[in-house]
Amino acid sequence: MDKHKKPIKPLATGDKTIPPEGAKMIPIYIMGREYIVPETLTIMKATEYAGYQYMRGCGCRGGICGACGTFYRFLGDYKLKTGLACQTVAQPNMVITQLPFFPSNRPDYDLEKMEGTPHEELRRLYPEVFKCVGCGTCTRTCPMDIDVMDYIALMKRGDLKGAAIKSFDCVMCGLCAARCPAQISQFTAAMFVRRIYGKYILPTAEHLKKRVEAVKSGKYLKMLDELTKKSADELKKLYTEREREPDMAEPGKWMPKDVSHL
Amino acid sequence: MSGYTPELKELIKNVAATRPQRVERARKNQHFPAMTMDQRKEWLSKYHPDYKPDGRRAVKVGPNKGETFPEEVVNLLESKSRINPKNIDLAKIDYETDVLVIGAGGAGTAAALIAQENGCKVIVATKLRHGDSNTVMAEGGIQGADQECDSPYYHYLDVVGGGHFSNQPDLVAGLTNDAPLVIHWLESLGLMFDKYHDGRMLVRHGGGTCRKRMHSAGDMTGAEIMRVLRDEARNRSEDIKVLEFSPAVELILNADGRCSGAVLYNLETKEYYIVKAKAVVMATGGFGRLHIQGFPTTNHYGATADGIVMVYRAGVKMKDLDSTQYHPTGVVYPEQNIGLLITEKVRGLGSQLININGEEFCFPLEPRDIESSCIIRECLEKGKGITTPVGRMGVWLDSPMIEALHGEGTVRKELPAKYIQFKRYGIDISKEPMLVYPTLHYQNGGMMINANAGTTLPGLYAAGEVTGGVHGRNRLMGNSLLDILVFGRRAGMNAAEYLKTVKSQKSGVKLTLEHVEKFEKELKAGGVKEPVIGPMILPEYTPDHVKARQWG
């Protein structure tokens, strides 16, 4: 190793973005008020750069929690656009408002006690779903690029599997519901459908059921208890000796040589 | 957007050039050799940020007095209260309930559900919205030994091996024993697990596992868990009342020394409320937003260590709080995605870590701290990292290998969220690799609990990232989603059990905040000058040019 080499140091800026050198400054309009921010920042980071401290409208900052649904337009352009503030890059002349909350319809239900078929239950809980006018605004609104109108159509048709799978990426930001002329809360209906699908349509795991019975019978308590009493050296030995299931092993087929602790 | 710069595109050619041979070797199960135990130790002490002496100091007061933790954490442990107990009339109670759950992520919601099932009325107080938590951000999966070739015994060995044998044994036994129960619970709540046609769970390896036991729901397992649990809690809203934007700022004790509620703070109206409860569950999560040593973080906005601050004042001891997990693969390019987590599943599916010359330099599924150390070594010591336009350092994570190994379209199918997040910036991760560097990911340590999720303070339970001991000094992928649910459920159950014992006691024991006053006296006596105010509640990213103009 070359001892004269200058030590390399990583940049330590926490969560603050470093605008590239000579970054262009651009005007954005946060709820109509002009701020000048460096280009390439997300709307969220641009808003913080402008001096806001978020309380509502900011959650995971990683595009999955749905707290930062945002509507925006460009000055002089009639088209209304949407995005997640933490994922959408701020551009010149963007007029921005976040929608941190939107009142949605979400009737309670008992997943264990379904009165009718899944499709009947959907009709009972969310009759408005069946009044979809097919305008497609929801699909154009979704910041996750989900074809919302399509999954609503699948719901109407009774294809709950299709609706569950097609709505799976939903982050429940509520922007679709905010724009729906039929006043549907698409994202809450989809939540209901996914749980119905997960519980009643997806087949259950037999191997899991068996293992749960074994755990409940207390089968593993003794061997676990023995492990808790072992020294670090004894554990190290067991740890290094354990067999690794091959990556490409067929599901449920491979078995270790030693089966005494299964 | 434009994707990689021409300079980076040029470097990507090195990765593409060596890919065919690497894929060929991977197909034959020929991997870069994993490290021996001795090598692991050496790499950790040389390259892991936890082992750097600077940026830490000894805490001057409280149950862990004299122990050394990161400065950012010590500042908060030595903080003073937001409230003046003298101004608060504890006889005026705003809410009364059986169980108060503080924090509404996965652990808190699981605790609320199980406490409710056991006959309790529950209030859940949370700083942001119900579900705003690190739970939603966990992508890769949840472990549970439910396959024929596996058992809690092997899961236990993996957990303690990953934790370098520093874990609290009774917690590991609880974690691994309950894992199949938790997976089954989620299945019964309608969670959309990845399954084969016959219902068999689709499972994979994670870093440091000897059996394939990583269950997933696409690449948003945590988000799916959170939305299912939250949906179920909403169905039980008659018994589970959720107060959003109302973080707890102090615990309330009673004259018998039992935890008996908390002071909440309404972020919007700036009012304080008194909640009286027979038992309290602390589930506030971790400290990623403290940005230890200036690292970016994968954590959600609210991860500011509020829970440990409150319980520390009430005398609860911390364990391993000097141990931080850096996730090996945080995004360093594009700049907008800084700190964003790239799930370990990407490596589970066969992607390798590659240096500037297109070479492998480590086994891609080492435990996380080892993997992080390898990347830091490659960049800082060997100088074989790749530098971004703003000067950040990283190595390649070769995601296109997934397509080569498992067929075209696998990246889109298995990693839909990640695919979209890069596509927005003009990068197709099924064709181009990602640039990554370790990022602050998880608080390994935390408040001490026992296997019942109980603490040394009667009436106080805790679960999830706020606690320490389950994972020791390093956590394996897929065990935090498991941890929050196993101990969240145990906390709910044992809080409900505990209620039966307090019910028989005389009610009307006086509430008190004396521990807060006592702690502030200790701060003075301990020589803590100008303590900050804690809990922090919200992180602050106001830039200097704005601060300079906040003249008020």
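A crossing of two helices is called left-handed if the near helix is turned anticlockwise from the far one by less than a right angle, and right-handed if clockwise. Keep that in mind for the first stop.

What you have open is a predicted model, where local features need pLDDT of at least 70 and side-chain atom pairs count only at pLDDT 80 or more, while totals for chains, interfaces and linings use all residues. Residues are numbered from 1 along each chain as its sequence is written, and chains are lettered from A and ligands numbered from 1 in the order in which they are written.

**Stop 1**

Select α9 (221-228) of chain A and helix α6 (residues 169-188) of chain B. Helices here are DSSP runs of H or I with at least four residues, strands are runs of E with at least two, and both are numbered from the N terminus. Which way does α9(A) pass α6(B), left-handed or right-handed? The crossing is right-handed. Their axes come within 9 Å and cross at roughly 150 degrees; axes are lines fitted to C-alpha atoms, for helices over the stretch in contact, and angles run from 0 to 180 degrees between N-to-C directions. That makes α9(A) roughly antiparallel to α6(B), a label for angles over 145 degrees.

Now show the contact residues, meaning those whose C-beta atoms, placed from the backbone, lie within 7 Å. On α9(A) they include Leu221(A) and Asp225(A), and on α6(B) they include Pro169(B) and Asn177(B).

**Stop 2: the whole interface**

Zoom out to both chains. The contact takes 83 residues from chain A and 89 residues from chain B.

**Stop 3: inside chain A**

Colour domain 1 (25-98) and domain 2 (118-201) of chain A separately; these bounds come from an automatic or database domain assignment. Their centres, taken over C-alpha atoms, are 27 Å apart. Seven residues from each domain make the contact. On domain 1's side, strand β4 (residues 81-84) of chain A gives the most, with three residues.

**Stop 4: a sheet in chain B**

Finally, find the open sheet of three strands in chain B, ordered β5-β7-β6 with antiparallel pairing. Strands pair if DSSP finds at least two bridges between them. β5 (142-143) and β6 (203-204) stand at the edges with a single partner strand each, so one side of each has no neighbour in the sheet. Select Val203(B) and you'll find it opposite His215(B) in β7(B).

Terms used:
Contact = placed C-beta atoms within 7 Å. Parallel < 35°, antiparallel > 145°, perpendicular 65-115°, else oblique.
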